[in-house]
Amino acid sequence: MHVKDGQVPHTGAVSRTVSAWVTAGEDVLGAVGPFPVDVPWWQEVEPVVARLEELLGVPVLVLRLLTVDGGEGGRDGHATYHVEALERPAPGPLERRPLDDGRFGTDSALRAPWARAAGLRELLDWAARTLEAEGRPVTGPVEQRRTWNLAALFRLPTAQGPVWLKATPHFAADEGAVVTALAGADPSLVPVLLGRGPGRILMEHVPGEDCWGASPGTATAAMKRLVAAQTTLSANRPAGLRDWRTPVLATRVDALLDGPAAAGLSRQEVAAVRRLTDRWQRLVDCGLPDTVVHGDFHPGNWRSDGGSPVVVDFADAYWGNPVADGLRAREFLDEQVWATAARAWAEAWSAHIPGSDPAGALRLAEPLAHLVHAVRYQEFLDGIEPSERPYHAGDPVGALRTALRSAREPSPVLAPPSPARRGAMAATVFRRPASGEPLAAARPAREDRTVDDLRIFDPSRALLLEGLGLRLREWTDADVPDLVALYDDPEIDRWTPVASPFGVEEARTYLAAARRKRAERQSVQLAITTDGLRARGEILFFRSGSDEREIELAYGVGAGHRGRGLASRAVRLVVEHAVREAGTRSVVLRIEAGNAASEAVARSTGFALADDEPVVRTSKGRELVLRTWRHTGS
């Protein structure tokens, strides 16, 4: 069940009263109520059914919500339902009231199948036939637990134990396909499927309770097991699972701001949400793979009897960046448990995808996750009939405002450790600072300072830069095999001045030249690593020609390590170091037209194409015309 941020089980006083209009087929038999029920949520209809069967003396099923007076957020107030009697009751309890609003005379193309008597009977008949074929015939009355625009849920008794029937609307994910895919990765992570069809599944009962108030151990187990399964599934997208990769979501948010959400936000709020969009590409650069995303991974969708939790409810699943699953539980766990869960999620991804930056992804995506919720809530509103819209009215705008609040007030749990907590910093090691201080404000450049004054080029100090899941270190002779693997590559040959073919001798010559330039304060060349050991690419910075206070960057990543955001993260790390620590006034890239990959890195790291005259250089016997990209924050 998709719940709103912070929604938890009911523990307070009675706050919902109920009335019901009762039909039998085409006949409107009358109305009953109001009467109180002890659960406030509108979709929880089990107590409604129980009270009506007591009053009417016949079995009934709730079809849909008709109206709500008072209440908000899917709870409280006075709810009126359309109820179908499976047998005709005695006339006494029902009142003949006037129907002056045509509530039964109109139909909606968006009405859920289970909100019609015929559709509900067909669903229950399908379940009975399917279980009969599985050797699990239904042995007693069906128990209706929940019905609303997002799902219908029923408990079916059998001799071998209860079975759960769930139906979902046209805009929900194919839960059967998602559960089947996850079961292939970890069968104990998900319920056992007994049957599936379009918009419906039958599941074996999962013992235990929903994990509201989850312990640190339960939250850790949920995070780690889901990440392990998602890693396995990242190589193969299940058929039919909707594509909500980062570029798609960014487009959907733009459409939301151009459409219905704009009416509920001020112009300033719309502009502020649009300013969050630069985070999408930076999220991609954190190196997490696209995979199956649960979409609503909070503790109410984990069930446990004391062991590792089983995950349920995949109606919001999609194919995309998994970071939303790492963030969803925040509003439902106390801060200490949330801190443990977030750390477990990040550590799990770091272990499965070396070189990724899951902790950075959590920080970047804290507001983005709420933008995803806003898009999903709008899908709900667009996909349901008008009488059901009170469930979600205002939710897209509310989620957008929560995104803005998250950007203004990020969770302290997600903040990176401060330098003081890391311990003393070695003189040759520079770690990325925790603050979000603008680069231009970090250390003003002195007009009389030149590159010779900058310790970034000091050859007496071996340089090590750490941050964003990377360690950028100087080359050693032991790196020769890795250097050959990185640079003996057609793409490197096409876009760089590196020799080709590039073998062991070329690698040794390359390193010797790098050391000479380092000693002469001309350039610094660093291996891109994730652990300080294996080189996965290179980033270099050097004097930028006539301007003594400007440095130029260049970079390359090995073919086997591309697509993980290594180049983007390395560029950001070097730019921040150059400006914050070394006081560089300007940082530039010079890229040959047509090098789309390098241009994408430039844009994602804060560089913009400058109006400078093209720079002409000669490499490997051909003339290169390079365009200048200048960092906008330096």
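1. Trp 302 has Val 311 as its bridge partner, and Val 311 sits in strand 13. Strand 12 (residues 302-304) runs antiparallel to strand 13, and two bridges link them. Both belong to an open sheet of three strands, ordered 10-12-13 with antiparallel pairing. Strand 10 (209-210) and strand 13 (310-311) are the edge strands, each pairing on one side only.

2. Before going further, a word on confidence. This is a predicted model, with an average pLDDT of 85 for the chain and 88% of the residues scoring at least 70. Residues 417-428 are a stretch to flag: pLDDT there is below 50, and the model gives the stretch twelve contacts beyond near neighbours in sequence. Residues 434-453 also stay under 50, with 37 contacts in the model beyond four places in sequence. I'd keep those pLDDT values in mind when looking at residues 434-453.

3. Now the overall picture. The chain has 634 residues, and 55% of them count as buried. It contains 17 helices and 24 strands. Taking contacts with a separation of 6 or more, 71% are between residues 24 or more positions apart. The accessible surface of the chain is about 26900 Å², and carbon and sulfur atoms account for 52% of that.

4. What is the order of the strands in the open sheet of four? It reads 2-1-4-3, and the pairing is mixed. Strand 2 (27-37) and strand 3 (60-69) are at the edges with a single partner strand each, so one side of each has no neighbour in the sheet. On average, neighbouring strands here are turned by 25 degrees against each other, ignoring direction.

5. Within that sheet, look at strand 1 (residues 16-24) and strand 4 (residues 77-85), which pair in the parallel sense over eight bridges. As a reminder, strands of a sheet pair through backbone hydrogen bonds, either parallel or antiparallel.

6. Two helices lie across these strands. Helix 1 (residues 46-56) lies across strand 1, strand 2, strand 3 and strand 4, and runs at about 115 degrees to strand 2. Helix 2 (residues 117-133) lies across strand 3 and strand 4, at about 135 degrees to strand 3.

7. On to the inside. The largest nonpolar core has 105 residues, and the members touching the most others are Tyr 81, Trp 345, Leu 371 and Leu 400. Helix 10 (residues 358-383) gives the most to this core, namely twelve residues. Setting aside residues up to four places away in sequence, Leu 371 touches Val 253, Val 273, Leu 276, Trp 280, Leu 400 and Ala 403. There is also a second, separate core of 29 residues, with Leu 463, Val 579, Ala 602 and Phe 607 among them.

8. Is Glu 379 buried or exposed? Its relative accessibility is 17%, so Glu 379 counts as buried. You'll find Glu 379 in helix 10. Beyond residues up to four places away in sequence, Glu 379 touches Phe 171, Arg 242, Trp 244 and Arg 252.

9. Strand 21 (residues 586-592) is mostly covered, with seven of its seven residues buried. Ser 586, Val 588, Arg 590 and Glu 592 point one way from the strand, while Val 587, Leu 589 and Ile 591 point the other way. Strand 21 pairs with strand 24 (residues 622-631) in the antiparallel sense over five bridges. One of the partners to look for is Thr 628 in strand 24, which is bridged to Arg 590.

10. Last stop: Thr 180, in helix 3 (residues 175-185). Thr 180 has a relative accessibility of 42%, so it counts as partly exposed. Leaving out neighbours within four places in sequence, Thr 180 is in contact with Leu 193 and Arg 196. Thr 180 and Leu 193 are 13 residues apart along the chain, and their C-alpha atoms are separated by 7.9 Å.

Methods: Residues are numbered from 1 along each chain as its sequence is written. This is a predicted model: local features need pLDDT of at least 70, side-chain atom pairs count only at pLDDT 80 or more; totals for chains, interfaces and linings use all residues. Side-chain values use heavy atoms; hydrogens and water are left out. A nonpolar core is a set of buried Ala, Val, Leu, Ile, Met, Phe, Trp, Tyr and Cys residues joined through side-chain atoms within 4.5 Å. Buried means under 20% relative accessible area, exposed over 50%, partly exposed in between (1.4 Å probe, protein chains only). Contact means heavy atoms within 4.5 Å. Two strands pair if DSSP finds at least two bridges between them. Axes are lines fitted to C-alpha atoms, for helices over the stretch in contact, and angles run from 0 to 180 degrees between N-to-C directions. pLDDT is the predictor's confidence in each residue, from 0 to 100. Accessible areas come from the Shrake-Rupley method with a 1.4 Å probe; for residues, only the protein chains shown count as cover.
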